[in-house]
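Please read the following report alongside the sequence and the coordinates. It takes up the ligand site, the packing of helices and some backbone features in turn.

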Amino acid sequence: MSIHKDVKKVTTHTLQKMKLHGEKISMLTAYDYSFAKIFDASGIDVILVGDSAGNVIAGYETTVPVTLDQMIYHAQSVVRGINRCLVVVDMPFGTYQSNSDIALASAIRIMKETGAHAIKLEGGEEVLDSIKKIVSAGIPVMGHLGLTPQSIYKFGTYTVRAKEEQEAEKLKKDIQLLEEVGCFAVVLEKIPATLAAEVTKSVNIPTIGIGAGAACDGQVLVMHDMLGITTEFKPRFLRQYANLGEQINNAVKKYIEDIKKKDFPNESESY
Ligand code: KIV
């Protein structure tokens, strides 16, 4: 039996069941209506409206400048495109770290204004109060541990996290805390595969990996990376499934050529 194929709507409970049955969870980022519609029709389990929008949509170097209004705009567009998948929205930097009341107000805005199903935020023990408050308001929360891009200025680089004992121990403790306070799933970004395997076994909630090896309960990639739209970003964990950047480039070149040689539009393309 495939849980993924049987369900009409993917919920947080579906993901829980998938973990129990050893069925892997597929998650992909999306930021607009058109791609969300294609991904949903393809059968993706979860769409993450990631704050990676800051990188791949807005062209910022980091996710730090992304605002709540921008995330809400992207999430509204994505939700209009889907029928079946679960939509999770990233809370951007500055909307949940300072205090739990601000965190709850930000999460409520996302849920009320977008129609999305859950939020995601980065960090462990240090953001626990915010998670507790959001969960107790009935909003499903996905955690995010390991490489947390909103803290890039603390880390200094985007290299693999938790290779050292101390950081690995903190991550093990953090994932327990996230489960205890009611997160329904946790993203594990760029950590050693052995550590991801260990923590995946240690909790009942699903882990979704990005650069965290095959033992995670699911996998996530940024759509622009896996479709070959971003060409300069080639980390080891990335599998590129299409070469859209090149295809689009060729299509646009041909379009320009056709205009220049007065071949487009032709008679059948005119009124
Ligand atoms: O913002 C994002 O796209 C993410 C994924 C990389 C997990 O958080």
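The sections below begin with the basis of the model and then turn to the ligand, the helices and the backbone.

## Basis of the model

This is a predicted model, in which local features need pLDDT of at least 70 and side-chain atom pairs count only at pLDDT 80 or more, while totals for chains, interfaces and linings use all residues. Residues are numbered from 1 along each chain as its sequence is written, and side-chain values use heavy atoms, with hydrogens and water left out.

## Ligand site

The residues around the ligand are Thr29, Leu48, Gly50, Asp51, Ser52, Asp90, Lys120, His144, Val187, Glu189, Ile210 and Val222, where a residue counts as near if one of its heavy atoms lies within 4 Å of the molecule. This shell divides into four nonpolar, four polar and four charged residues; in this scheme Ala, Val, Leu, Ile, Met, Phe, Trp, Tyr, Cys and Pro are nonpolar, Asp, Glu, Lys and Arg are charged, and the others, Gly among them, are polar.

An N or O atom in the side chain of Ser52 is 2.5 Å from a ligand oxygen atom, a polar side-chain atom of Asp51 lies 3.0 Å from an oxygen atom of the ligand, and for an N or O atom in the side chain of Asp90 the distance to a ligand oxygen is 3.0 Å. Taken alone, the ligand exposes 260 Å², of which the protein buries 96% (accessible areas by the Shrake-Rupley method with a 1.4 Å probe).

## Helix packing

Helices here are DSSP runs (H or I, at least four residues), numbered from the N terminus, and their axes are lines fitted to C-alpha atoms over the stretch in contact, with angles from 0 to 180 degrees between N-to-C directions. Helix H3 (residues 33-42) packs against helix H5 (residues 68-81) at an angle of about 40°, with the axes 7 Å apart. That makes H3 oblique to H5, given that angles under 35 degrees count as roughly parallel, over 145 as roughly antiparallel, 65 to 115 as roughly perpendicular and the rest as oblique.

The axes of H5 and helix H6 (residues 100-114) come within 9 Å and cross at roughly 30°, which means that H5 is roughly parallel to H6. Helix H9 (residues 165-180) and helix H10 (residues 193-202) have axes that come within 10 Å and cross at roughly 25°, and H9 and H10 are therefore roughly parallel to each other.

## Backbone features

Most residues other than glycine have a negative phi, and most peptide bonds are trans. Alanine 162, in the loop between helix H8 (152-155) and H9, has a positive phi of about 55° although it is not a glycine. The peptide bond from phenylalanine 264 to proline 265 is cis, with omega near -5°, and proline 265 is found in the segment after helix H12 (244-260).

Methods. Polar contact = N/O pair within 3.5 Å; in protein donor to acceptor, adjacent residues only side chain to side chain. Helix = DSSP H or I, 4+ residues; strand = E, 2+ residues; numbered from the N terminus.
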